[in-house]
Number of protein chains: 2
Amino acid sequence: MNVQPLDSEGAPLRIGELAKRAGVTTRTLRYWEEFGLVKPTDHLCSGERRYLPAELERVAHIRELQELLGLTLAEIRIVLESEDAVERARSARLAGASRTRRLALIDDAIEAHSRLIERMDDRLARIAVFRDEWLDRGERMRVRSAELRSEVDAARRDRPTVGSPRTSRRA
Amino acid sequence: MNVQPLDSEGAPLRIGELAKRAGVTTRTLRYWEEFGLVKPTDHLCSGERRYLPAELERVAHIRELQELLGLTLAEIRIVLESEDAVERARSARLAGASRTRRLALIDDAIEAHSRLIERMDDRLARIAVFRDEWLDRGERMRVRSAELRSEVDAARRDRPTVGSPRTSRRA
DNA sequence: GCGGTAGTTGACGTTAACGTCAACTGTTCG
DNA sequence: CGAACAGTTGACGTTAACGTCAACTACCGC
């Protein structure tokens, strides 16, 4: 969530760094990797994971899909896969895949993409409705509060409060 | 979610009815009750739960808080409690509570209420941002798709496709 | 060369929010 | 009157998404 840019150079990140900057734990990153959501650019000979700084966005992205849209990791994987389709189409071109094949890849991505947009729109609409209902609940409460407050004030004027130090008690 | 009005009279509902109409399971209702989120108007002598039809809205309400805002049941309880404060203030009046006390109840409710609104607004804003980013991702994909498609078509015109029956092969 | 820090895998623990099942009770209907 | 059906409590099972811990390795500064 709290993605700090700090140094946006291409220096590969260790898992701890990535985790800290992305605001997740290392455990989460490994879990997500196991799940196929993120992938270190290389497992060093020592077995150590290294990540491109670009992964930072991806991680934040995943969290948004999770928290904002309430997607499960499995659903997120699908989204990401279709998202990657564009990238795959690009590398497919380099690999010499037919235009028709690349087109299919991209169209799939577009398909999945618009389903996601629909989901967002649905959420937006429903939250908005919900919010509006609540706004006028709040309005009614505020009105009632004001009424009561004026009643209280009136009563206070009739029989002045005892708690005030200015109200001399020794008459 | 799919709250059917059907008969909105005051006939008390059995748990199965309420569950079906609110689109939840009976288990969920009992669980929520255990949690203090819903409460049957009376446990019949037989131990059977009866609900006012009004509970239907409450149940739907809870689901919205859960799914749309991602609140936990514990958080929802807090929200509901403060929401009930208005109702409690009303009955407090009947019970002869002081206006000051009732005012405090309502103001608490207003407080909690505006925190909830903030949360909704935050969500709305973040989803909206997210959505917009994705809209132009989609735009770029669509452009790329169109490019590819025209390339494919061009190629098809150069070397007509074999699959079409109309394309006479005997030249 | 050694303590401290950061990384690895593997295994088991945890929490929320229910699902499921068993054993029992009460109502209704042919 | 008996089977079907809806309800009850209580207990245990389940799933997702991690947390936590152990045992081990690798580098780094002194």
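## Basis of the description

This is a predicted model, in which local features need pLDDT of at least 70 and side-chain atom pairs count only at pLDDT 80 or more, while totals for chains, interfaces and linings use all residues. Residues are numbered from 1 along each chain as its sequence is written, and chains are lettered from A and ligands numbered from 1 in the order in which they are written.

## Fold of chain A

Chain A holds 5 helices and 3 strands, which are DSSP runs (helices H or I, at least four residues; strands E, at least two) numbered from the N terminus; their order along the sequence is β-α-α-β-β-α-α-α.

Of its 171 residues, 16% count as buried, a term that requires 20 or more other C-beta atoms, placed from the backbone, within 10 Å of the residue's own. Among contacts in chain A with a separation of 6 or more, 49% join residues 24 or more positions apart, a contact being two C-beta atoms, placed from the backbone, within 7 Å.

## Interface

In the interface, 37 residues of chain B are in contact with 38 residues of chain A. On the chain B side, α3 (55–67) and α5 (99–158) are the elements that give two or more residues, and α5(B) supplies the largest share, 32 residues.

Because 100% of the interface residues of chain B are also interface residues in chain A, the copies meet through the same surface.

Key
A residue is buried if 20 or more other C-beta atoms lie within 10 Å of its own, exposed if 12 or fewer, and partly exposed in between; C-beta atoms are placed from the backbone.
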